[in-house]
Amino acid sequence: MALVRVISSDGAAFLVSQRLAKRSGKLKTEIETFRKSSDNSEAQPEIRIVTIRAEILRLVLQWLQQHQNDPVLPANQNEQDGRGDAEMGQSQWDRDFLAPMDLGIVMELILAANHLEVKGLLDITCKLVESKITGRTVDEIRTAFKLKSDFKGNEEEQTRLENRWCVEN
Amino acid sequence: MDLVRVTPQRPEDILPLEVWGLILDHLRSPSDLINCSQTCKGWAKVLELRKTTFLMPQVFPLLYAYLGPTTKTNEEDESEDNHDLIGFINYQEKEKQNEYAKLNTVLQMRLVSHSWKESVDTFYQDHDAINDLGFLKHVEDDEIPLRPYTFGIANVTKLESWVSKNFSPDSNPFITRCVVYEDYISPLERFTLYGGEPGAPELEELQVLQRQLRTSFKTLLESFGSQIWTIQLFFITTDSSIIELYRLVRSYLILMPNLKAIDIFGPSVELEEPGTSFKEFLRNEPMPELAQLKILFVSPVTFPISIGILSQNPTLRKLSVDTNKQEVVPLNSIRGIELPELEQLSVAPDSKVDLSQVQNLVWQNLKGLRLTVEGKQLKDVFGAVSASSCSSSLEHFILEVWNAHVHIRNDMELEQPEWHLEQLEHQLELPVEQRLEQPERQLEQPEQQLELHKLKKIELVIHIPFVLETLDFLLGCPDLQEIDLVIKISRKEYSTSNSVIQFKDCIASMQDSNIWQLLPMLKRLEIKTTVIEGVVRGGRTVFPEKTYVFTRAQSDQEVVPLNSIGDIELPELEQLSVAPVSKVDLSQVPNLVWQNLKGLLLTVEGKQLKDVFGAVSASSFSSSLEHFILVVWNSDVHIENDMELEQPELQLEELPAEQRLEHLERVWQQLEQPELQLEPPEQQLQLEQPEQQMELPKLKKFHLEISIPCELETIDFLLGCPDLQEIHLDIKISSKKVNTSNSVIQFKSCIASMQDSNIWQLLPMLKRLEIRTTEIEGVVRGGRRVFPEITYTFTRGQNGKITSS
């Protein structure tokens, strides 16, 4: 079985099958580029992902492994409305996978899924974050995301003024 | 000097994590914080709680698509919307409504924290709708460009409301940093809005309102003009003099020093005395230099205000020009103004273009060109663009054609072209008999290719019914990656024997076209055949719109590195076998490094036989090869699987009388089986004539296996192998009689009697010929039929006599 070494930003290496890695658009391109530039057809590709740390990379690979037999979604599918995929594609496993995660981790996963071009994972993570925002009050959002207001002076009041003016016009 | 061994340390080995927390608290830039959190576990832990703050600027653009209600309408609605202008506007209205529905969620997010507010505002301010000249969206999707969202200030008619808001001077009240100013109060507007109604405001009243509007807008700009990045200025006819208007715009622009994009629409007027006085005027009262300005939409381009802006801001990157119908867009030079950094030029629909100017375009680094031409021949457009100075830099070309002399066949159901579109209205008034008397017109064959070597994307939209017979004009664009065609096309089949690219008659099956071989970089081909109005037997008929999208899948399969295996030389290699499932790049075959190869087993997929023969014949081992086994998969070897359809009775009569009944019963049983339905005979394709011979002078044994039903008309390709002693053909072949008078070797129609073929004279060393015709499925009057496998073996004896078995 052909393997590829995927290395996180903090130096952790994951040895995964090329078949699995190629479920990520980014890794697929990297493997193909390596093949073209390498003289040795037997050499094992090594891909360094400088923007994703080990904990997040492990989660992405774990999700890919679970979904390795799903049809690959085109990266640009439903660009304007990714919600359809998420609603169709979210399984009980996905829900269990995301349930224990802090929203900060989920946001890191969104960026990782986007960088690695894993459309299905991008869909379910974005949908999860969206569900914590839409229809919530500002205080509820702050609680969900463990945020505190960092507005200075009358900035919050000015923002409310701007918002009101947006809606009026 | 002693060597110091440095071992990587964890942050907590240097300082307690709490102290790191205090240090990292000073970081404000999201990108710095992200980099730190990705550096090590320790810092990631310290920044854990701040993650939802500093990640939002990067996450929001991805999240935006998921916010609020769905923007997707069902397909039926979409296709209906595209049919007419009203539908299109409705579609835009829906988009707008959805955007406003999202707005509530987005505004809520702005109140969560300062960084979230910044994330939202940055997203809107960098929106494509502001930075794009129509190059990012499909040309048909933005005939009415989506204006950038202007939440907060769509126009300034409610400036009283603005004044009462009491915004603090250091805030930015424009979420999108885009303002639309409509200086619409004019005599014309008065007439349009109020007509002759009693009680309509008097002109004087309107003039007072206009003055108030201008004063209020200036007040706004004095406070917040530096916050504005995009301005859209609309001046319809005005009673102001052009000088007065110029001065007004100048006073506005001076107050917006950070403008990145200007979209200006004004009346098509010139200064009364163009020339010296105009230049002098511009020199005395120049428009401001706007350091950030990169994008300019001007309509019309001769409007003095536009010229004033252009002359002071020559570092523009993107320019969109528009004129009224009569005026010709001055493409080759805009009043002598050089724009050396111009990368995109877009000529708005309805603008006239002088093709002779295209050839003399002064912008040599142009990467994107969007052109709308009217009443021109395609070949003239292609010729002009190919001859222009930007032909070596152009990467994206959008061409819209209106009322061109592209000849039409709008009576495709009558199977005979009747008339040219330009004469359509006149023709409709004529009696049917006279219409049919119109002379047949020649189809346009764009002989002139587009010669754009760096072109990556072409969008071609033709707005009238016409017949596009060929795509051969694209052959001069070897880097082409994406083709979008929006055409009105007839369904009638025409002969396209002169075309190189297989296109017409197979629009629905372009995945099989040779375009993928001829344009090797091509990744995506979209063909939208829009509504066509054909005149069919005296009445109009509307045909449905269809969109075909073909993409080249990136193959997971590795290509066998044939020309070199890791630079390893195998000087004594005599036999090379490539496993059947492996892919082969034929272009590598001529460069094979093994010059003494005697045996080669090759499996090719999707290649033409002649290409394989050419590659092998050109290889370094062509003079040494003695044994060649070739297995062909999914090749363009053409098929005819309806060969029995024409003469089934004949075959029945040839059966002995006692077998006829049995045969009929068998056929009847087949017909009763529901899965054995009559399939329409597949489209008859041209037979492949492998013109390319194999030139392998030492070849002694040749084995050819073609794994799909094929029509092998000739084996003339063997004539270049004079030493051939043994031939083994394993083919699925029809038994239909086909005229093969062009073949040298007598082969087709006499497979069963090849002992009489001239092959034994033409290949004097030939000792054995084996032809195995394997199972083939033919469609025979209502059901599929499997033909038996037959092996014919012919040998030349010692005495030279040919025997068969």
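In strand β5 of chain B, Val321(B) is the bridge partner of Val298(B), where strands, like helices, are DSSP runs numbered from the N terminus (E, at least two residues, for strands; H or I, at least four residues, for helices). The model is a predicted one, in which local features need pLDDT of at least 70 and side-chain atom pairs count only at pLDDT 80 or more, while totals for chains, interfaces and linings use all residues. Residues are numbered from 1 along each chain as its sequence is written, chains are lettered from A and ligands numbered from 1 in the order in which they are written, and side-chain values use heavy atoms, with hydrogens and water left out.

**Chain B as a whole**

- The secondary structure of chain B comes to 25 helices and 28 strands, and 48% of its 805 residues count as buried, buried being under 20% relative accessible area, exposed over 50% and partly exposed in between, with a 1.4 Å probe and protein chains only.
- Among the contacts in chain B with a separation of 6 or more, 72% are between residues 24 or more positions apart, a contact meaning heavy atoms within 4.5 Å.

- Strand β4(B), residues 295-299, is largely enclosed by the rest of the structure, because five of its five residues are buried.
- Both faces of β4(B) are covered, with Ile295(B), Phe297(B) and Ser299(B) buried on one side and Leu296(B) and Val298(B) buried on the other.
- Strand β3(B), residues 261-265, pairs with β4(B) in the parallel sense over five bridges, two strands being paired if DSSP finds at least two bridges between them; within β4(B), Leu296(B) stands opposite Ile262(B).
- Strand β5(B), residues 318-321, also pairs with β4(B) in the parallel sense, over four bridges.

**Ser617 of chain B**

- Ser617(B) belongs to helix α22(B), residues 609-618, and its relative accessibility is 13%, so Ser617(B) counts as buried.
- A polar atom of the side chain of Ser617(B) lies 2.7 Å from the backbone nitrogen of Glu695(B).

**The sheet of chain A**

- Three strands of chain A form an open sheet in the order β2-β1-β3 with mixed pairing, and its edge strands are β2 (13-17) and β3, each of which pairs on one side only.
- Neighbouring strands of this sheet are turned by 25° against each other on average, direction ignored.
- β1(A) and β3(A) run parallel and are joined by three bridges, and Glu46(A) in β3(A) stands opposite Arg5(A).
- Helix α3(A), residues 54-66, lies across β1 and β2 of chain A and runs at about 10° to β2(A), where axes are lines fitted to C-alpha atoms, for helices over the stretch in contact, and angles run from 0 to 180 degrees between N-to-C directions.

**Helix α2 of chain A**

- Helix α2(A) lies across β1 and β3 of chain A, running at about 130° to β3(A).
- The 13 residues of α2(A), residues 25-37, should span 18 Å at 1.5 Å a residue, and the end C-alpha atoms are 18 Å apart, which agrees; the expected span is 1.5 Å times one less than the number of residues.
- Leu27(A), Lys28(A), Ile31(A), Glu32(A) and Arg35(A) are the buried residues of α2(A), and they lie on the same side of the helix because they cover an arc of only 135° around its axis, the arc being that of the directions from the helix axis to the C-beta atoms.
- Lys36(A) and Ser37(A), by contrast, are exposed on the other side of α2(A).
- The buried residues of α2(A) pack against β1 (3-7), α1 (18-21), β3 (46-48) and α6 (103-116) of chain A.

Key: A polar contact is a pair of N or O atoms within 3.5 Å; within protein, one must be able to donate a hydrogen and the other to accept it, and residues adjacent in sequence count only if both atoms are side-chain atoms.
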